[in-house]
Amino acid sequence: MDLIQLKEGSAIIEVPKKVIQHITEKNEVFYNPAMAVNRDLTVFLLRVFVKEKDRPIKVAEPLAASAIRSIRILKEVPNVEKVYINDLSLDALNYARKNLELNNIDLSKVEIFNEDANVFLLKTKYYDYIDIDPFGTPVDFLDATAKSLAHRGIAGITATDTAPLSATYPRTCLRRYFAKPIENEFYHEVGLRILIKKIAEFFFQYDIPIEVVFSYSYLHHFRVFIKRYRGARRVDEILKNNIGYLLYCHKCLYRDTLPITDLREIDLTCPVCGHQLDWAGPLWIGNLWNTDYVNQMVEELPNVEVQKETEKLLKLIEKESKVPSVGFYTLSALGKALKLPYLPTKKQVLKELNAVETHFAGDGFRTSLNHQEVIEKIKTLVGKS
Ligand SMILES: C[S@@+](CC[C@H](N)C(=O)[O-])C[C@H]1O[C@@H](n2cnc3c(N)ncnc32)[C@H](O)[C@@H]1O
Ligand SMILES: [Zn+2]
């Protein structure tokens with residue numbers, strides 16, 4: 001077997017060469033170098049998380065593959081008591097064991113299991129941190145995650161089925177996530193918010209409130225970190241304020257949100273242009289980030305060896321997290337909807353609309369101005385008022 005050694009963060013792993021030449025679920029052990037950003041951000045988040053805990057944390061990686069993530073957590077995050085590594089594939093676990101050795105990991109800090117991820121979680125609970133990193137959708141693993149996460153624990157959940165969530169396959173989205181996606185300039189954000197709604201449902205049904213600590217969309221994956229708390233009344237409040245629908249006008253780009261507990265007087269006529277409104281959801285209409293966490297993650301940047309892309313993404317999210325709007329605008333969509341003779345520059349828009357860039361789209365921006373104010377200011381910028 002032709003093996004290759006790869007370095008990521010402070011870890012070295014050995015996998016068959018063909019595994020990275022052709023990345024597929026069928027490989028005897030799965031390793032995707034493009035997911036280094038995902039693992040980098042996990043390390044940052046956990047470095048912040050362990051600071052708020054005054055004791056060592058217990059971590060589970062139920063879908064571990066090569067164990068790269070667990071190895072990085074053990075090497076790059078202080079105060080980790082133990083990492084519980086699981087995979088259904090014995091081949092994968094053989095590589096995981098070799099990689100733990102290769103990195104001189106203290107084996108008393110590791111336990112290895114070969115079970116279905118759900119069985120593993122339910123047998124070995126409770127955990128301060130659970131990482132769910134499946135092929136495609138995470139829905140298979142959400143129930144066991146909700147039941148196995150310790151009070152004030154965090155779950156980091158990846159979804160790579162971005163196509164259904166982003167409206168390429170709306171019927172699959174409805175079936176899998178029980179929500180309607182939308183084709184607009186911020187369809188990725190809507191997809192991420194639908195995923196969060198689905199995750200929230202699994203916790204809420206057991207009277208467990210959650211907070212979104214950090215989330216993002218990058219290339220072909222969505223990632224959400226949620227923290228769990230206690231209290232049915234708190235769930236009621238979160239449901240009322242953070243779950244709802246998006247109303248959207250394809251003609252003038254007007255957008256609004258509607259709480260799920262307040263659907264009495266829905267008028268699907270655009271209040272700005274009179275066109276019929278489209279809608280998406282139910283989805284998460286609460287915050288996508290805890291700004292304290294984001295700021296502290298940025299502060300950790302000099303302390304960890306990471307990809308340039310991770311640094312760029314994190315710094316972008318740091319600015320973006322200060323404007324908690326549902327949805328954003330893009331210059332291209334505004335140009336088309338308002339039939340602008342030319343587009344203002346992003347620099348002009350950021351300044352004049354007191355806006356911030358978004359990591360979701362290169363020409364996108366978030367602002368706390370209302371829709372009419374945005375339209376007026378953009379028109380003024382191109383001399384079309
Ligand atoms: C995307 S890979 C995980 C990658 C890894 N977390 C990383 O950061 O490189 C998904 C892994 O889940 C394993 N798997 C798939 N279904 C499973 C199940 N029901 N229970 C446990 N493991 C499973 C696969 O064998 C595969 O190794
Ligand atoms: Zn309209």
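Me: Which residues are buried in helix 5 (residues 117-124)?

Reply: A residue counts as buried if 20 or more other C-beta atoms lie within 10 Å of its own, with C-beta atoms placed from the backbone. Helices are DSSP runs (H or I, at least four residues), strands are E runs of at least two, and both are numbered from the N terminus. In helix 5, Ala 117, Phe 120 and Leu 121 are buried. They sit on the same side of helix 5, because they cover an arc of only 95° around the axis; the arc is taken from the directions from the helix axis to the C-beta atoms. Keep in mind that this is a predicted model, where local features need pLDDT of at least 70, side-chain atom pairs need 80 or more, and totals for chains, interfaces and linings use all residues. Residues are numbered from 1 along each chain as its sequence is written, while chains are lettered from A and ligands numbered from 1 in the order written.

Me: What covers those buried residues of helix 5?

Reply: Look for contacts: two residues touch if their C-beta atoms, placed from the backbone, lie within 7 Å. The cover includes strand 3 (57-61), strand 5 (110-113) and helix 6 (142-148).

Me: Which residues of helix 2 meet helix 12?

Reply: Val 37, Asp 40, Leu 41 and Phe 44 in helix 2 meet Glu 309, Thr 310, Leu 313 and Leu 314 in helix 12.

Me: And which residues of helix 2 meet helix 3?

Reply: Here Arg 39, Thr 42, Val 43 and Leu 46 in helix 2 meet Ile 68, Arg 69, Arg 72, Ile 73 and Glu 76 in helix 3.

Terms used. Buried ≥ 20, exposed ≤ 12 C-beta atoms within 10 Å, placed from the backbone.
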